[in-house]
Structures are given as structure tokens and as C-alpha cells.
Amino acid sequence: MAKITISLFEVKEKWQKELLQQRLPAASFSLRFSPHKTSPSNLRQHSDAQALSIFIHCRIDKAALTRLPQLKFITTNSTGFDHIDLAETRQRGIVVSNVPYYGENTVAEHAFALILALSRKIVQSANRTRQGRFNLKGLRGFDLKGKTIGIVGTGHIGEHAVRIATGFEMKILAYDPFPKPELMKRYHVRYVGLEKVLSNADVLTLHAPYNKKTHHLINRGNIRLMKPGSILVNTARGGLVETAALLVALRSGRLAGVGLDVLEEEGIISEDKKLISSYLEREKLSVALQDHQLLAEENAIITPHNAFNSQEAVLRITQTTIENFQAWAKGKPINVVG
Ligand code: NAI
């Protein structure tokens, strides 16, 4: 039987490469590794790829797919798949799989790392002592116990956020089009409308997927409803929040702090030279500049899309990617999206 040619992007670690080589043996698979994300120029060298392994920084749109005429299968090492044009893959008969359950606790734990960093001013405190200063001026935080947390999206990750918030003895309000009765029963979660969540939460954490319907779910119109002095944490996708609204809310003191693992145009701001690219749409450029302004705000803690990045989760991701390839090669794809 002919070997299946697979191109694997953003594989940077030796152990990962070895595990993939071991579980996708050379007798059946021809593996080609790249530590980089996909780009119009490097995809040219992969025109014979029948399958791809990618991560969130690889944008698979119509132009990319045109460069991959042999492609039959894509597996993304992520839960989110908004970096793949699913309408286009569907039209071309390309199967797409994701990693649905690698680390629900992992991302929820990172959300709480951001919440605690904000509520106890950990970054400012650590910076101060690093400078040899030990006074407490301006470092008073607030307790989580007894406060209300608003959880938007109670899927796999949101459910773990519910569980952790219960440990802190917080009151839990949630918004999700598909409420889970078991969370109401076990953790006393109260499902209410989004506006009610916004106007009652001391801490808001977002765990909804990004799509056309959730684009700017938090925006100029409804961010005004948030309690003065509340904090907002986003570990889901940048596009859920209108960046300009976030800046205004932070600067006016409506929000006491924001913790973001994701930014609206993070792909652009991670490559500064692209900021001057003439190809960039004006709107994207404007958002990227607002992202830069956010980075400079003292009350904004921003991590570089790192919420998934625990030892345990990365191992689970690699294992699921291998299973996705094996299942697809046998003609029975699993974890299919779109
Ligand atoms: P999931 O699919 O299990 O849960 C999403 C939940 O959001 C579902 O309960 C769904 O009903 C709900 N939802 C859908 N539309 C909504 C809306 N308009 N308002 C409120 N809730 C809505 O997904 P999971 O595993 O919990 O992941 C959530 C998101 O977290 C992913 O879509 C992904 O973008 C992001 N993520 C970020 C990571 C990071 O490293 N920062 C890592 C993994 C996931």
C-alpha cells in the first residue's frame, strides 16, 4: 500500500517528533516536520501533502488550500478551529479533526491564574519586590470568596471553571444557550441572560467558542453593563471581545483589570513587521494597534495564548493527534468538526 504523506507544522519539541514517528510508522506514513507555521511560501514545498497537522497560528483558508491539491485530511492540535475555513474544506471534501478534550482543567486553571493575578495584584507585587521595595501602597486586592463569577459558556472548560469557582465559595451565574441541569443541581449554577451576567458579575470569564454569532459578544454596547471595579478574563478567543470597548472600559475604571490569554489580532501582533505590511486590512491594523495599547495598560495581564500549555495537556494533544491520523487512515475519522 502507498505511504500517506503527512506534513506536520509547528512541531518544535524532540519528544513530540519521536512520539509521532513511533506511533505513525515509516512503513505506512511519510512524515515531514516543520517547526514553523504555514505560510504562502512554505506551503509550496508541501504540495504533495495528503494530510496536515497544524496549530492555531496556521491559517488554512482558500489560498492555502489551493496550494495543497492532494490534501484529504487536516488535524488541528487545538480545540478551537476558527483558523480553518470549514466551508472551503467541506467543498473540497477534506476531513477536519480537532482535539476536543485535551485539557478542560488546563485552560480553566489558567483562567483562575489570571483571575488571582488580578484580584491579588500579583504582577505589581512581584515587580515591586524585585526592585527591592516592600511597601504595600496600592497593592490591596479583594477576596474571591462570596463574590459573583459570571461564566460565559459552560462547555468542557467552563464546567471546570464552575468546579474551581465552587472551591473558592463564589456565587456562580452562567450564560450558555445550552444550560446543563447537572451544574445547576451539583454546583448551584444559576443560568441567566448575558446582560444579567454582565451586570452582576464581579469576575467575568469567557469560555464560549468564536464564530460569526459570538463575534464581539462583549462589545461597546454591553460592556457598560459591567459592574464598576469588576474584572474580565478571556482565555477563549480574542474575537469574542471588541478590543476598543475593552480599552475604554479599562481606562474609565469600569473594569479594574483584564486578564487575556487571547487577543483579537494576536496573529498580527506576534509578528510586528507585519504591522507595516501593505496587505493588511485597515480594520485589522487598527485592532492590532489597540492590542499594543492594551499591552501597555498596567491593569491588563496578557499571556501569549498559553492557557493550553501544561505538560499534561501537550502530551494529551499529541496523543489525540496520533489517534486522529490513525482513525482517518483506517477510513473511520474521529473528532470530526464542521
Ligand atoms: P465546548 O464546545 O465544550 O464549550 C463551549 C460552550 O460554549 C458550549 O457549552 C456552548 O453551548 C457554549 N456557547 C456557544 N455559543 C455561546 C454563546 N453565544 N454564549 C455563551 N455560550 C455559548 O468548548 P471548550 O472545550 O469549553 O472550549 C471553549 C473555547 O476555549 C474553545 O472554543 C477555544 O476557542 C478556547 N480554547 C482556548 C485555549 C487557549 O489555550 N487559550 C485552549 C483550548 C480552548
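Colleague: In which sense do strand E11 and E12 pair, and over how many bridges?

Modeller: Start with the general idea. Strands of a sheet pair through backbone hydrogen bonds, either parallel or antiparallel. In this predicted model, strand E11, residues 255-260, pairs with E12 in the parallel sense. Three bridges link E11 and E12. Within this part, Leu260 stands opposite Ile302 in E12.

Colleague: What is the order of the strands in the sheet that holds E11 and E12?

Modeller: Read it as E8-E7-E6-E9-E10-E11-E12. Those seven strands form an open sheet with parallel pairing. Its edges are strand E8 (190-191) and strand E12 (300-302), and each of these pairs on one side only.

Colleague: Which strands does helix H5 lie across?

Modeller: Helix H5 covers residues 104-119. It lies across strand E6 (148-152), strand E9 (203-206), strand E10 (230-234), E11 and E12. Its direction runs at about 150 degrees to E10.

Colleague: Now the five strands. In what order do they form their open sheet?

Modeller: The order is E2-E1-E3-E4-E5, and the pairing is parallel. Strand E2 (29-33) and strand E5 (95-97) stand at the edges. Each has a single partner strand, so one side of each is left without a neighbour in the sheet. On average, neighbouring strands of this sheet are turned by 15 degrees against each other, direction ignored.

Colleague: How many bridges join strand E4 and E5?

Modeller: Three, in the parallel sense, with E4 spanning residues 73-76. Thr75 stands opposite Ser97 in E5.

Colleague: Which strands does helix H1 touch?

Modeller: Helix H1, residues 14-23, packs on the sheet and touches strand E1 (4-8) and E2. Its direction makes about 165 degrees with that of E2. Then look at helix H14, residues 311-329. It lies across E1, E2, strand E3 (51-54), E4 and E5. H14 runs at about 160 degrees to E4.

Colleague: Let us turn to the ligand. Which residues around it come nearest?

Modeller: There are 24 residues around the ligand, and Tyr102, His156, Ile157, Asp176 and Thr235 come nearest. By class, the shell has 12 nonpolar, nine polar and three charged residues.

Colleague: Where do N or O atoms of the side chain of Asp176 lie relative to the ligand?

Modeller: One such atom of Asp176 is 2.7 Å from an oxygen atom of the ligand. A polar side-chain atom of Arg237 lies 3.3 Å from a ligand oxygen atom. For Gly155, a backbone N or O atom lies 3.3 Å from an oxygen atom of the ligand.

Colleague: What share of the ligand's accessible area does the protein cover?

Modeller: The protein covers 85% of the 870 Å² that the ligand has on its own.

Conventions. Residues numbered from 1 in each chain as written. Predicted model: local features only at pLDDT ≥ 70, side-chain atom pairs only at ≥ 80, totals over all residues. Heavy atoms only, no water. Pairing = 2+ DSSP bridges. Helix = DSSP H or I, 4+ residues; strand = E, 2+ residues; numbered from the N terminus. Axes fitted to C-alpha atoms, helices over the stretch in contact; angles between N-to-C directions. Contact = heavy atoms within 4.5 Å. Near = heavy atom within 4 Å. Polar contact = N/O pair within 3.5 Å; in protein donor to acceptor, adjacent residues only side chain to side chain. Areas by Shrake-Rupley, 256 points an atom, 1.4 Å probe, with all protein chains shown as cover. Nonpolar A, V, L, I, M, F, W, Y, C, P; charged D, E, K, R; others polar.
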